[in-house]
Amino acid sequence: MICVQSPFTKMTITSCVSLVFFLGITAVVITNGYPSSKKVCVTKTINNAYTKVSIKTNRHDNLKITDVRILKTLSKHKCVLRKSYGFYGAYIYTKGCKAIMKVCYIQQVDKGCRVVTLSSKSHEPSKIVFKKGKIYRMSLIKHLKDSKMCKRGVSYGYLKNSAWSMKGCKAQFKICLKN
């Protein structure tokens, strides 16, 4: 098995490659190609001079702003970093600054995480067992149609290498495993 880190992408990806010989055919199998982070830049218009704005698109995003540049000032006063605007974590704040900004951030991607759907019926639980790894985090992404309320520890949860839902909980979950 050979492990490499790709120098050609904006993401940091570590992949392990195995050569498999089967009936005289050589195949390359890539495993563990989970991105650990990627840099993204977006244009954001701030029309409110006194505000705090999140760049997250959903509450499960793990973002950190690295740079904010003013593309066009929309307010009467000049926008000055750390005086009339700034950033921390996934937030931009303004104090008298209205502008069109280029916001660059790093999006952390959890290694070993995947999205699974668990769909239990009222009296029939749903379960998934992972052959490799142990679950260290499980978070609800969204309820599915016809789902009853899903509550951690009551109608869904995990133990070691298995995740479950019951009592009519039907949802998509982000499950993270460690070896």
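Lys 160 is exposed, with a relative accessibility of 57%. In this predicted model, Lys 160 sits in the loop between strand 13 and strand 14. Its phi is positive, about 55°, although Lys 160 is not a glycine. Arg 82 also has a positive phi, near 70°, and is likewise a residue other than glycine. Arg 82 belongs to the loop between strand 6 and strand 7. At 69% relative accessibility, Arg 82 is exposed, because the cut-off for that class is over 50%.

A further loop lysine is Lys 151. It lies in the loop between strand 12 (134-143) and strand 13. Its relative accessibility is 55%, so Lys 151 too counts as exposed. Leu 140 is 11 residues from Lys 151 in sequence. In space, the C-alpha atoms of Lys 151 and Leu 140 are 9.2 Å apart.

The protein chain has 0 helices and 15 strands. It holds 179 residues, of which 32% count as buried. Among contacts with a sequence separation of 6 or more, 65% join residues 24 or more positions apart.

Strands of a sheet pair through backbone hydrogen bonds, in a parallel or an antiparallel sense. Strand 11 and strand 14 (residues 162-165) run antiparallel and are joined by 4 bridges. Within this pairing, Val 129 has Ser 162 of strand 14 as its bridge partner.

Strand 5 pairs with strand 8 (residues 91-95) over 5 bridges in the antiparallel sense. Val 53 stands opposite Ile 92 of strand 8.

Strand 15 takes part in two antiparallel pairings described here. Strand 10 (residues 113-119) pairs with strand 15 (residues 170-178) over 7 bridges. In that pairing, Thr 117 stands opposite Gln 172. Strand 12 is joined to strand 15 by 8 bridges. Here the bridge partner of Ile 135 is Leu 177.

In soluble globular proteins, nonpolar side chains tend to be buried together. The largest nonpolar core of this model has 16 residues. Ile 55, Ile 65, Met 101 and Val 103 have the most contacts inside it. Strand 4 (35-46), strand 6 (63-73) and strand 9 (99-108) each supply at least two residues of this core. Strand 9 gives the largest share, 4 residues. Beyond residues up to four places away in sequence, Val 103 touches Val 40, Cys 41, Val 42, Lys 44, Ile 55, Ile 65, Asp 67, Val 68 and Ile 92. A second core is separate and has 14 residues. Its members include Phe 130, Leu 140, Cys 169 and Ala 171.

A pair of aromatic rings is described by the distance of the centres and the angle of the planes. The model contains 3 aromatic pairs. In one of these, the ring centres of Tyr 88 and Tyr 93 are 6.2 Å apart. The planes of these two rings meet at 40°, so the pair is tilted. Ring pairs link Tyr 88, Tyr 91 and Tyr 93 into a cluster. Tyr 88 is partly exposed, with a relative accessible area of 41%. Tyr 93 is also partly exposed, at 23% relative accessibility. A charged side chain is placed at the cluster member Tyr 91. Lys 52 lies over the face of this ring, at 4.5 Å from the ring centre.

How values were computed
Residues numbered from 1 in each chain as written. Predicted model: local features only at pLDDT ≥ 70, side-chain atom pairs only at ≥ 80, totals over all residues. Heavy atoms only, no water. Core = buried A, V, L, I, M, F, W, Y, C linked by side-chain atoms within 4.5 Å. Buried < 20%, exposed > 50% of the residue type's maximum accessible area, 1.4 Å probe, protein only. Contact = heavy atoms within 4.5 Å. Pairing = 2+ DSSP bridges. Phe/Tyr/Trp six-rings, centres within 6.5 Å; stacked < 30°, edge-to-face > 60°. Lys NZ or Arg CZ within 6 Å of the ring centre and 35° of its normal.
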